Amino acid sequence: MNSSYASNLSYVKQLIARAAESCGRNGDEITLMAVSKTHSIEAINAMAGCGQMLFGENRIQEIEKKFDTDSRSFSLHMIGHLQSNKVKKAVALVDSIDSVDSLKLARLIGKAALHNGKTIDILIEYNTSKEESKSGFLNEDEYYSFLDEVGSIEGIRVKGLMTIGPLSPDEKATHEAFATLYRLQQRSIQRHPELDFGVLSMGMSQDFVIAIQEGSTMVRIGTALFGKRE
Ligand SMILES: *Cc1c(COP(=O)(O)O)cnc(C)c1O
């Protein structure tokens, strides 16, 4: 089992490096997040044993069951939609919440973090494909008024933006969605130089090559590393 994880990991890293080089970028600019939802803690530990340092999960209940926060050797991010009533648990369990899409949520996270005596990283999620099933900010006005306020919330540290590509395998639509997030990052840097927008989390097993071509700095890969989910 260990050896297949090792080879999946090195294969995915190779694909990332190749995609980066094909558009004049350096593979080192791109962080690989292993998305471990539905996979066992044994599988996760095996992947961590191969040197993987960052994992992503999308459900708080599952994180609670699987991870022992105190003895973890790797970082863990919450990448799924976070409900208000799960904020306290999320703040206690993870290093970053990558799916923040409202002021209310950002304020609750900040409050919980201060209560725990820490500052927690966040990414702002934007719905670039406008698909209704997805979370994330849907329009720029709301997003920019969020940016006007978020810097004043204590307990959180903005690190960048996150999006999920379109469900459809249409490459043009995928390029367009990721290019939208990149443009948003560039405009956000101009409008709010006091905030950090360095992380552009976009790209999954099916579309990470396109995401890298469009400027991704963090790809979130599940299936290509762990195999199919049950
Ligand atoms: C499941 C998931 C991924 C990984 O998807 P794969 O297609 O298995 O690589 C990435 N991002 C989010 C938000 C997810 O929920």
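**Notes on salt bridges, strands and loops**

1. Arg-25 counts as buried, at 16% relative accessibility (buried means under 20% relative accessible area, exposed over 50% and partly exposed in between, with a 1.4 Å probe and protein chains only). The model is predicted, so local features need pLDDT of at least 70 and side-chain atom pairs count only at pLDDT 80 or more, while totals for chains, interfaces and linings use all residues. Residues are numbered from 1 along each chain as its sequence is written, and side-chain values use heavy atoms, with hydrogens and water left out.

2. Arg-25 forms a salt bridge with Glu-29, their closest N and O atoms being 3.1 Å apart (a side-chain nitrogen of Lys or Arg within 4 Å of a carboxyl oxygen of Asp or Glu). Glu-29, at 40% relative accessibility, counts as partly exposed. By this rule the count comes to 12 salt bridges.

3. A further salt bridge joins Lys-66 to Glu-62, with the closest N and O atoms 2.8 Å apart. The two residues are separated by about one helical turn because they stand four residues apart in helix H3 (residues 60-66); helices (H or I, at least four residues) and strands (E, at least two) are DSSP runs, numbered from the N terminus. Glu-62 is buried, with a relative accessible area of 13%, and Lys-66 is buried as well, at 15%.

4. Asp-196 pairs with Lys-159 in a salt bridge whose closest N and O atoms are 3.9 Å apart. Asp-196 lies in the loop between helix H7 (171-191) and strand S7 (199-201), and Lys-159 in strand S6 (residues 156-162), so the pair ties together parts that are 37 residues apart in sequence. Asp-196 is partly exposed, with a relative accessible area of 36%, and Lys-159 is partly exposed at 28%. Elsewhere, salt bridges that share partners join Glu-57, Arg-59, Glu-62 and Lys-66 into one network.

5. Strand S4 (residues 96-100) has five of its five residues buried, so it is largely enclosed by the rest of the structure. It pairs with strand S3 (residues 75-78) in the parallel sense over two bridges (strands pair if DSSP finds at least two bridges between them), and Met-78 stands opposite Ile-97 of S4. The chain passes from S3 through helix H4 (residues 87-93) to S4 in a right-handed β-α-β crossover, a term used if, with the strands pointing away from the viewer, the path from the first strand over the helix to the second runs clockwise.

6. S4 is also joined by three bridges to strand S5 (residues 120-125), and the two run parallel. Asp-121 of S5 is the bridge partner of Ser-96, and S4, helix H5 (residues 103-115) and S5 make a right-handed β-α-β unit.

7. Asp-101 sits in the loop between S4 and H5 and deserves a look. This residue is buried yet has no salt bridge, the nearest side chain of opposite charge, Lys-104, being 9.7 Å away (Lys and Arg count as positive, Asp and Glu as negative; His and the chain ends are not counted). A polar atom of the Asp-101 side chain does lie 2.9 Å from the backbone nitrogen of Gly-136.

8. Two loop residues other than glycine have positive phi values. Thr-38, with phi near 70°, lies in the loop between strand S1 (31-35) and helix H2 (41-49) and is partly exposed at 44% relative accessibility. Lys-130, with phi near 60°, is found in the loop between S5 and helix H6 (140-150) and is partly exposed at 47%.

Conventions: A polar contact is a pair of N or O atoms within 3.5 Å; within protein, one must be able to donate a hydrogen and the other to accept it, and residues adjacent in sequence count only if both atoms are side-chain atoms.
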